[in-house]
Amino acid sequence: MDIPGEIRIVCVGDSHTFGVGTGMSYTYPAQLERLLTLNNHEQKFSVINLGIPGASTKRQAQELKSFFNKHEAKIIILLTGRNNDFELKEGQDASFFNSIKYRLENLRSFKFLKVIFDRIVRRNKQRDSQDMLAYKERYVDYLSYQLEWIRKLCRDKGAKLILLSYYNTSDNVIKEFAHKYNIPYLDFTGDFQSLFKREGRSRYISPDASHLNYLG
């Protein structure tokens, strides 16, 4: 329910926003609400956790649109960039391995086999390099498109957009997008690197070795 005078903040993201690795009271949206309430006695805040484990940027955009269909928000905090592989990668091509198997079964000359195998390996490396380049181009196009969609949605709904880095990675595509549109981008990677160096990484990481625990 929308409360008059309340500043509503919506945190959009994946499992790192949802709180995998820690209890719900220690997720960053929950802690943000506590800190805002503690330090602003005259203002009411509510922070909504719209994190969905495994959600791609496209799915996050869809969830945000669904939220805006029923509610308002002053600020949208977006942590995104992971879980997009399924929508970007093409099906795996097994032709290279099949070609090796065929040649091993049918060629008798070891020397000739070595020459053919080396050619296949070189050709496969070239193809891998081309595939990686194509994937990076698709990634930039995909992420830029989804960020632009979210940016316009927030603009149309009168909400301020803020972008975050993950604790261990900072995405250049998101950085450049934020700079282009003068969107606040909070990069925490340096802070966590310093913290891990000073006190140890394991102290702040959950047992799955990927997410932060309640201390993190």
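Me: In this predicted model, which residue is the bridge partner of C11 in strand 3?
Reply: I77 in strand 3 is the bridge partner of C11.

Me: What makes strand 1 and strand 3 a pair?
Reply: Pairing requires at least two bridges between the strands. Strand 1 (residues 7-13) and strand 3 (residues 75-78) have four bridges, in the parallel sense, so they count as paired.

Me: How do you know that strand 3 also pairs with strand 4, and in what sense do they run?
Reply: Four bridges join strand 3 to strand 4, against a requirement of at least two, so the two strands pair. They run parallel. Across from L78 stands L163 of strand 4.

Me: Why is C11 called buried?
Reply: The cut-off for buried is under 20% relative accessible area. C11 has 0% relative accessibility, so it is buried.

Me: Is C154 buried or exposed?
Reply: C154 has a relative accessible area of 1%, which is under 20%, so C154 is buried.

Me: How many disulfides are there?
Reply: A disulfide needs two cysteine sulfur atoms within 2.5 Å. By that rule the count is zero.

Me: Which residues lie nearest the centre of the largest pocket?
Reply: They are T27, Y28, F192, L212 and G216, out of 29 lining residues. Helix 1 (15-18), helix 2 (28-39) and strand 4 (160-164) each give two or more residues to this lining. Helix 2 has the largest share, with five residues. The space in the pocket is about 620 Å³.

Notes. Residues numbered from 1 in each chain as written. Predicted model: local features only at pLDDT ≥ 70, side-chain atom pairs only at ≥ 80, totals over all residues. Heavy atoms only, no water. 1 Å grid on protein atoms, 1.4 Å probe; cavity = no way out; pocket = protein on both sides within 12 Å on 5 of 7 lines; lining within 4 Å. Points joined across faces, edges and corners; volume = space filled by probe spheres on them. Buried < 20%, exposed > 50% of the residue type's maximum accessible area, 1.4 Å probe, protein only.
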